[in-house]
Amino acid sequence: MPAKSLAELYNRGAHEARGSLLFITESHCVGDPHCLEEIVRFVSENELDGAYCRSYALARSTFPDMEQRLLDEEMERSRARPNVISVRGSALTRTTFLEAGGFQDEFGHFAEVLLGDALDRLGSRMGYADKAVVHHANTARPATLIAELGDYGRDECRHVATAGGISQRSWSAWDERNSYSSKAARARLNALLRRGPWIALRR
């Protein structure tokens with residue numbers, strides 16, 4: 001099915017769906033055998049509008065493990081927020097998804113962050129279904145991850161420039177942008193690639 005972006009395909013799927021609960025994931029993710037059962041149970045028992053999954057790397061090596069540590073750190077921060085959408089694995093009632101307007105596909109990778117903002121405005125309630133597990137094909141090459149992060153940054157900048165607002169759940173510390181440097185970024189990357197210094201850096 002031709003589309004400008006994955007976000008557009010997710011929106012089409014939501015409009016065509018007939019069930020009451022949508023499950024959003026990526027084609028390179030593999031769910032545990034009971035993943036769907038667990039997330040449906042979690043949403044139902046806690047009377048939530050949706051939930052997001054625990055995610056692990058499919059393959060283990062230095063760079064995928066680094067990406068996993070970055071994700072784990074972000075997920076830890078995310079638990080303080082009322083609504084988290086992760087395209088690695090999230091469930092959301094179809095009614096809530098459509099009421100929130102779905103993904104703003106014109107903002108590409110940043111669309112999942114903006115959907116979380118829309119859910120906040122609706123007063124929706126999501127949770128972390130830690131027993132619902134998906135395994136993600138993490139990036140094996142630095143160049144691939146850098147390209148993806150570049151796309152994300154451009155999508156976020158385009159949103160800030162056109163919509164005139166900064167998401168409160170943004171990964172980017174806009175108020176600290178003048179202090180960024182390539183030297184600090186390289187030091188951060190080197191620390192991520194070495195497990196020992198990574199532990200020290202987080203303290």
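Which residues does S90 touch, not counting residues up to four places away in sequence? They are L22, F23, I24, I39, A51, Y52, V84 and I85, where a contact means heavy atoms within 4.5 Å.

This is a predicted model, in which local features need pLDDT of at least 70, side-chain atom pairs count only at pLDDT 80 or more, and totals for chains, interfaces and linings use all residues. Residues are numbered from 1 along each chain as its sequence is written, and side-chain values use heavy atoms, with hydrogens and water left out.

## Overall layout

The protein chain contains eight helices and five strands. Both are DSSP runs numbered from the N terminus: helices are H or I with at least four residues, strands are E with at least two. Along the sequence their order is α-β-β-α-β-α-β-α-α-β-α-α-α.

The protein chain has 203 residues, and 41% of them count as buried. Buried means under 20% relative accessible area, exposed means over 50%, and partly exposed lies in between (1.4 Å probe, protein chains only). Among contacts between residues at least 6 apart in sequence, 75% join residues at least 24 apart.

## Nonpolar cores

A nonpolar core is a set of buried Ala, Val, Leu, Ile, Met, Phe, Trp, Tyr and Cys residues joined through side-chain atoms within 4.5 Å. The largest one has 17 residues, and those with the most contacts inside it are I24, I85, L92, F97, F103, L115 and L119. Helix 1 (6-16), strand 1 (21-24) and helix 5 (111-122) are the elements that give two or more residues to this core. Helix 5 supplies the largest share, four residues.

Leaving aside residues up to four places away in sequence, I24 touches Y10, S86, V87, R88, G89, S90, F97 and F103. A second, separate core has eleven residues, including C35, I39, A91 and A129.

## S90

S90 belongs to strand 4 (residues 90-93). Its relative accessibility is 0%, so S90 counts as buried. A polar atom of the S90 side chain lies 2.7 Å from the backbone oxygen of S86.

## Salt bridges

The structure holds six salt bridges. Such a bridge is a side-chain nitrogen of Lys or Arg within 4 Å of a carboxyl oxygen of Asp or Glu. Three of them are listed here.

| Pair | N to O distance |
|---|---|
| R12 and E8 | 2.8 Å |
| D130 and R54 | 3.7 Å |
| D155 and R158 | 2.9 Å |

R12 and E8 are four residues apart in helix 1, and so are separated by about one helical turn. R12 is partly exposed at 31% relative accessible area, whereas E8 is buried at 17%.

D130 is partly exposed, with 35% relative accessibility, and R54 is partly exposed, with 24%.

D155 and R158 both lie in helix 6 (residues 142-163), three residues apart, which is about one turn of the helix. D155 is buried, with a relative accessible area of 9%, while R158 is partly exposed at 35%. Elsewhere, salt bridges that share partners join E38, R41 and E45 into one network.

## Aromatic pairs

A pair of aromatic rings is described by the distance of the centres and the angle of the planes. Rings of Phe, Tyr and Trp (its six-membered ring) pair if their centres lie within 6.5 Å; planes under 30 degrees apart count as stacked, over 60 as edge-to-face and the rest as tilted.

The structure holds four aromatic pairs. In one of them, the rings of F110 and Y152 have centres 5.6 Å apart and planes at 80°, so the pair is edge-to-face. This pair links distant parts of the chain: F110 is in the loop between helix 4 (94-99) and helix 5, and Y152 is in helix 6, 42 residues apart. F110 is buried at 0% relative accessibility, and Y152 is buried at 11%.

Ring pairs also link Y10, F97 and F103 into a cluster.

Conventions:
Polar contact = N/O pair within 3.5 Å; in protein donor to acceptor, adjacent residues only side chain to side chain.
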